[in-house]
Amino acid sequence: MTRNDPIKHFFIWPALIIVLLISIFPLVYSLTTSFMSMRLVPPMPARFVGFGNYADLLSNPRFWHVAGTTTLIAIVSVGLQYVIGLSVALALNSRVPGEGIFRVGFLLPMLVAPVAVALVARQILNPTMGPLNEFMTLFGFPNLPFLTRTSWALGSIIVVEVWQWTPFVILMLLAGLQTLPDDVYEAAALENATPWQQFRDITFPMLLPISAAVVFIRLIESYKIMDTVFVMTGGGPGVSTETLTLFAYQEGFKKFNLGYTSALSFLFLIFITVIGLVYLAVLKPYLEKHK
Amino acid sequence: MSVRTLKGKRRWLALGGCLLWLAFTLFPLYWVAITSFKTPLAVVGGPTYLPFVDFEPTLTAWNELVSGARGAFYNTFVASLIVSLSAAVLATGIGAMAAYALVRFTFRFRLLSALIFVVVAFGGFLLGQYALGFGQGISLIYSFIAALALAVISSRFRLPGPELGNNDIVFWFVSQRMFPPIVAAFALYLMYTEVGKLGFKLVDSYIGLTFAYIAFSLPIVVWLMRDFFEALPIEVEEAAMVDNVPSWRIFFGIVLPMSKPGLIATFMITLAFVWNEFLFALFLTSSKWQTLPILVAGQNSQRGDEWWSISAAALVAIIPMMIMAGILSRLMRSGLLLGAIK
């Protein structure tokens with residue numbers, strides 16, 4: 001139940017004004033510039049080009065390549081995060097021995113700066129002095145080009161993403177598991193349901209709303225991946241691991257191609273919104289069935 | 001003992017899996033810790049794992065870091081600390097107030113008022129910049145004030161069109177996180193330089209960076225705190241209202257103390273977010289208010305890959321967050337984060 005009191009304005013306006021100020025300007029500014037041709041280096045006067053920037057981008061194979069790379073990284077890493085996160089959360093929820101230590105350990109990666117994570121990853125993946133290559137040669141592998149061959153570099157970025165963000169999935173799913181009622185499980189135990197049946201028919205369906213939310217959040221955040229790629233491969237080799245944000249950064253801060261960058265950002269926003277809407281539309285029937 | 005507790009072989013299987021994951025989680029952190037104590041020669045010579053056993057630890061990297069031989073480390077650390085603490089405190093405070101308002105008070109406005117705001121802000125900016133020839137800064141300030149005033153005034157009248165309420169405001173807050181941060185960072189940089197020309201220094205300044213961080217933490221604070229407030233029993237507040245206690249005293253005297261765990265958790269999540277933030281810091285700071293992630297990333301390119309010093313710098317950025325992980329996990333155990341996910 002909500003009430004009405006003039007003091008409510010005093011409560012909400014500080015937050016509202018700050019967000020309006022900081023978010024409306026970027027929106028207005030970049031939407032305007034996205035319809036212009038505008039360069040700072042070399043300085044060029046702004047010129048109205050309509051949808052020119054958008055058309056340029058959509059016909060640029062590099063844009064599609066970058067969008068594809070980002071999608072690949074996002075989908076594979078979020079998928080892995082969910083599977084691992086759910087397994088670990090289930091184990092923790094059922095009181096694995098040493099649960100307390102695991103909890104602190106599991107939380108750590110999420111709180112480490114992505115830049116630092118990427119730097120550590122580069123050390124570990126280093127071909128000559130990294131421990132991973134030494135470990136792999138023990139098993140008879142040759143020296144692996146973790147960051148200099150496209151498929152390995154993509155794999156490495158995905159592993160780093162999984163390392164960093166699975167904790168978030170664990171955290172959320174664990175909290176969700178703890179809210180599930182005990183009596184359903186007691187009933188199932190009376191009927192001699194196997195643990196697998198209990199998982200399939202009780203835990204997973206009941207966890208579905210939270211799972212959907214967690215995957216949604218992670219998917220959107222994954223699309224913005226930047227720090228890790230920036231430090232680990234810089235988008236290389238060539239442009240094979242370049243992501244959308246990194247592409248925007250290159251165009252905006254290296255070439256100062258403002259109109260192009262703004263158009264890119266808006267395509268990015270449209271892209272994310274479409275993916276979000278499709279995701280929600282696909283999941284809706286399942287979510288409603290288990291409500 | 002709960003029915004869901006694992007028994008027998010499965011229990012050991014789960015333990016094995018968890019140990020494997022823990023090793024994967026902790027190894028990189030262990031590696032960065034030992035590398036920061038190695039000599040350059042020991043790093044280049046191939047991987048070594050145990051201090052005093054297969055390499056002799058040294059403090060060279062740490063001495064260089066603290067003495068400032070690798071960039072103004074001390075200043076950066078203090079700047080990072082000041083900015084992230086104040087941004088987290090302010091964002092939690094302002095966000096908690098907004099979240100409370102959205103949970104307990106009724107907000108109604110017409111879609112048309114919101115549209116007026118967007119159109120006037122947009123049109124005013126374009127008009128000021130391209131027709132009247134004002135600078136970006138001036139036209140932004142004028143159009144923003146005009147848009148806000150018109151939107152507020154228009155909401156007093158009975159306008160046609162659909163009515164929006166609390167949930168729409170929450171959705172609007174949360175949707176701010178969907179915006180690609182690169183756009184915001186870049187445009188904000190330009191806005192700050194424009195305002196700088198008017199005499200307020202915002203690029204590489206305390207106010208500019210903190211303000212940006214508050215704005216970008218608010219969506220998450222509103223989202224988390226709203227759930228904490230919703231979980232609070234309303235009876236206490238109703239009893240206070242019967243006694244004619246004013247709303248602001250109900251909030252500061254009753255609600256805030258009751259939601260202390262939620263506030264702490266939200267504060268820490270915000271702090272971690274600001275402490276680790278890279279993109280905004282990269283755009284909005286240059287020297288005086290540079291933050292740690294920028295310094296850490298800078299170690300990378302300065303003189304080739306000097307892993308020992310990179311490790312030491314990275315570790316400084318990591319350690320405060322490790323301490324926080326410990327505190328957060330204790331909060332979690334008491335089920336305090338449960339409210340956050342409903």
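**Exercise 1. The interface**

How many residue pairs are in polar contact across the interface of chain B and chain A? Describe that interface in this predicted model.

*Solution.* 
- Step 1: count the polar contacts. The rule finds six residue pairs across the interface of chain B and chain A, both residues at pLDDT 80 or more.
- Step 2: look for salt bridges. Between chain B and chain A the rule finds zero. A salt bridge needs a side-chain nitrogen of Lys or Arg within 4 Å of a carboxyl oxygen of Asp or Glu.
- Step 3: take the extent. In contact are 111 residues of chain B and 106 residues of chain A. The two chains bury about 10,200 Å² between them, and 80% of this lies on carbon and sulfur atoms.

**Exercise 2. A salt bridge within chain A**

Which residue forms a salt bridge with A:E242?

*Solution.* 
- Step 1: name the pair. The partner of A:E242 is A:R62, with the closest N and O atoms 2.9 Å apart.
- Step 2: locate each end. A:E242 sits in the loop between α10 (227-232) and α11 (244-254) of chain A, while A:R62 belongs to helix α3 (residues 61-93). The pair links distant parts of the chain, 180 residues apart.
- Step 3: Over all chains, the structure holds seven salt bridges.

**Exercise 3. The fold of chain A**

How many helices and strands does chain A have? Give their order and the box.

*Solution.* 
- Step 1: count. Chain A has twelve helices and two strands.
- Step 2: read along the sequence. The pattern is α-β-β-α-α-α-α-α-α-α-α-α-α-α.
- Step 3: take the box. Along the principal axes, the C-alpha atoms of chain A fill roughly 75 × 70 × 35 Å.

**Exercise 4. A nonpolar patch on chain B**

Which helix of chain B gives the most to the nonpolar patch?

*Solution.* 
- Step 1: list the members. B:L127, B:L132, B:F134, B:I141, B:Y142, B:I145, B:L198 and B:F200 make a nonpolar surface patch of about 810 Å².
- Step 2: assign the helix. Helix α6 (residues 136-154) gives the most, with three residues. B:Y142 lies in this helix.

How values were computed: Residues are numbered from 1 along each chain as its sequence is written. Chains are lettered from A and ligands numbered from 1 in the order in which they are written. Side-chain values use heavy atoms; hydrogens and water are left out. Patches are made of residues with over 30% relative accessible area and no salt bridge: like charges are joined within 9 Å, nonpolar side chains (Val, Leu, Ile, Met, Phe, Trp, Tyr) within 5 Å. Accessible areas come from the Shrake-Rupley method with a 1.4 Å probe; for residues, only the protein chains shown count as cover. Helices (H or I, at least four residues) and strands (E, at least two) are DSSP runs, numbered from the N terminus. Contact means heavy atoms within 4.5 Å. Buried area is the accessible area (1.4 Å probe) that two parts lose on being put together, summed over both. A polar contact is a pair of N or O atoms within 3.5 Å; within protein, one must be able to donate a hydrogen and the other to accept it, and residues adjacent in sequence count only if both atoms are side-chain atoms.
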